[in-house]
Amino acid sequence: MDLKIFDRMESEVRGYIRSFPVIFSKARGSVLIDESGKEYIDFFSGAGTLNYGHNNPVLRERLIEYLHSDGVVHGLDMATSAKKYFLQTMDQIVLRPRDLRYVLQFTGPTGTNAVEAALKLARQVKGRQNVISFTHGFHGVSGGSLATTANRKFRQAAGVALSNTSFMPFDGYFGPDVNTMAYLERMLNDSSSGLDHPAAVIVETVQGEGGVNVASQRWLRELERLCREHDMLLIIDDIQVGCGRTGSFFSFESAGISPDIVTLSKSLSGFGLPMSLVLIKPELDIWEPGAHSGTFRGNNLAFITAGQALETYWSDEQFSLDIAAKELQVRDWLENLAHSYADVGLSVRGRGLIQGLVTPEAEGLAGRIAQRAFEQGVVIETSGASDEVLKVLPALTIPEDELSRGLEIIERCTAEVLAERGRRAKVLKMAGGAS
């Protein structure tokens, strides 16, 4: 395909086009179609933005209806019918049934905007600057959020010092036998640890970009306990793994914790429309009017599709049950795959419909499997510090037959890549013996 216009006019910063070097022209459900008509099963979902698939027909029709009615498209933070609809739906379907009391702050359109607002508010509330983040965490690439992001590649691009953040080891960072919460507790209790008293802790319950690292329920409950004992706010970054990705609407529900602040974005609109949200416990809402602003903090089109998504999928428990069934399907498939190549050192981790096939870090296997899968019709990305994890991230609505077909391609591509690996190793061994 002719990508010359992109090479000539677009910045070198572009990334995903390099992994998927075709021109996509159409998309429906869990299928992407390029300009030549080739179809790809989507195990990427816009990096978690398309939980309900591409061009979801229910959401699309509601959006078209709103546009035909001359509904307000841009409204800053003014009151509109679209915002009223979303607020009422969010309250009735998500917050009240879970006995959650939050006020909603609409920020700029991206996830990093929500994180910036959350950090800024936490520091105002507590009157302290330091924030705790965790190894392998990803929270965005703008100033404050980048300071809480661990990945060296993103941090080195900042061009300025990144400060007021202390990194602590995530659950499992030193292996399964080391309790990293005990380490954090010791640091907090020791006045000579060098840890400045934090205003807040920010954490993902599942680190998507960091390698599909899963925090245990016990670890999250211990983290909440430490936040309460040491007067720190608990911020849950649910931007990638919220909105149903782990099975429940919020990823922290199964842990039984009550975050002070929650950030949402990505699949919140349900339709790929930019929308971000900060949920704040009412007593922490100390913002002065206009103290945190932004031109695009009221995407009325996103309000319409977000409200419709809540009505369509979250009015009862059936959708969560469907996600759980697909989680088992994916997990069993990947576990069997890892078991089939036990000598390679493959493993599986994840929750809900974010699952990772973990490969040996130094070999680049995950990237080669992803590339081969793309050639055979599956769009999938890698994650982790060394891109060592093949991240399975399909739409929550993906039909079971398409899910199976995609997994079959992943299995076939894994077999091909590992066979090539074996042949290379044999050649190198023979060459070494000959010398």
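User: How do the residues of the lining of the largest pocket divide into nonpolar, polar and charged?

Analyst: This is a predicted model, and its largest pocket has a volume of about 1500 Å³. Of the 49 residues that line this pocket, the closest to its centre are Y16, F138, F154, E209 and E381. Sorted by type, the lining of the largest pocket divides into 19 nonpolar, 21 polar and nine charged residues.

User: Which element gives the largest share of the lining of the largest pocket?

Analyst: The elements that give two or more residues to this lining are α2 (16-19), α6 (111-126), α8 (152-156), α13 (365-375) and β16 (381-383). The largest share, four residues, comes from α13.

User: Which residues line the largest cavity?

Analyst: The structure holds one cavity of 30 Å³ or more, and about 50 Å³ of space lies in the largest cavity. Its lining divides into five nonpolar residues, five polar residues and one charged residue. By name, the residues that line the largest cavity are F106, T107, G108, P274, M275, S276, F296, R297, G298, N299 and F303.

User: Which strands stand at the edges of the open sheet of four strands, each with a single partner strand?

Analyst: The open sheet has the order β1-β2-β3-β15, with mixed pairing. One side of each edge strand is left without a neighbour in the sheet, because each has a single partner strand, and these edge strands are β1 (24-28) and β15 (378-379).

User: What is the bridge partner of V31 in β3?

Analyst: Strand β2 covers residues 31-34 and strand β3 covers residues 39-42, and the two run antiparallel, joined by three bridges. Within this pairing, the bridge partner of V31 in β3 is I41.

User: Which residue of β12 stands opposite I261?

Analyst: Strand β11 (residues 261-264) has I261 and T263 pointing one way and V262 and L264 the other way, and all of them are buried. Strand β10 (residues 233-237) pairs with β11 in the parallel sense over three bridges, and there D237 stands opposite T263. β11 is also joined to strand β12 (residues 277-280) by four bridges, and these two run antiparallel. In β12, the residue opposite I261 is I280.

User: Which residue in the turn between β13 and β14 has a positive phi?

Analyst: Strand β13 (residues 347-351) and strand β14 (residues 354-358) pair in the antiparallel sense over five bridges, with R349 standing opposite G356 in β14. The two strands form a hairpin with two residues between them, and the residue in the turn with a positive phi, of about 60°, is G352.

User: Is M90 buried or exposed?

Analyst: M90 lies in helix α5 (residues 81-95). The C-alpha atoms of M90 and P57, which are 33 residues apart along the chain, are separated by 21 Å. The cut-off for a buried residue is under 20% relative accessible area, and because M90 has a relative accessibility of 0%, M90 counts as buried.

User: What distance separates the C-alpha atoms of E222 and A200?

Analyst: The place of E222 is in helix α10 (residues 217-229), where E222 counts as partly exposed at 29% relative accessibility. E222 and A200 are 22 residues apart along the chain, and the separation of their C-alpha atoms is 15 Å.

Notes:
Residues are numbered from 1 along each chain as its sequence is written. This is a predicted model: local features need pLDDT of at least 70, side-chain atom pairs count only at pLDDT 80 or more; totals for chains, interfaces and linings use all residues. Side-chain values use heavy atoms; hydrogens and water are left out. Two strands pair if DSSP finds at least two bridges between them. On a 1 Å grid over the protein atoms alone, a cavity is a set of points where a 1.4 Å probe fits but cannot get out, and a pocket is an open set with protein on both sides within 12 Å along at least five of seven lines; lining residues have an atom within 4 Å of a point. Grid points are joined across faces, edges and corners, and a volume is the space filled by probe spheres set on the points. Ala, Val, Leu, Ile, Met, Phe, Trp, Tyr, Cys and Pro count as nonpolar, Asp, Glu, Lys and Arg as charged, and the others, Gly among them, as polar. Buried means under 20% relative accessible area, exposed over 50%, partly exposed in between (1.4 Å probe, protein chains only).
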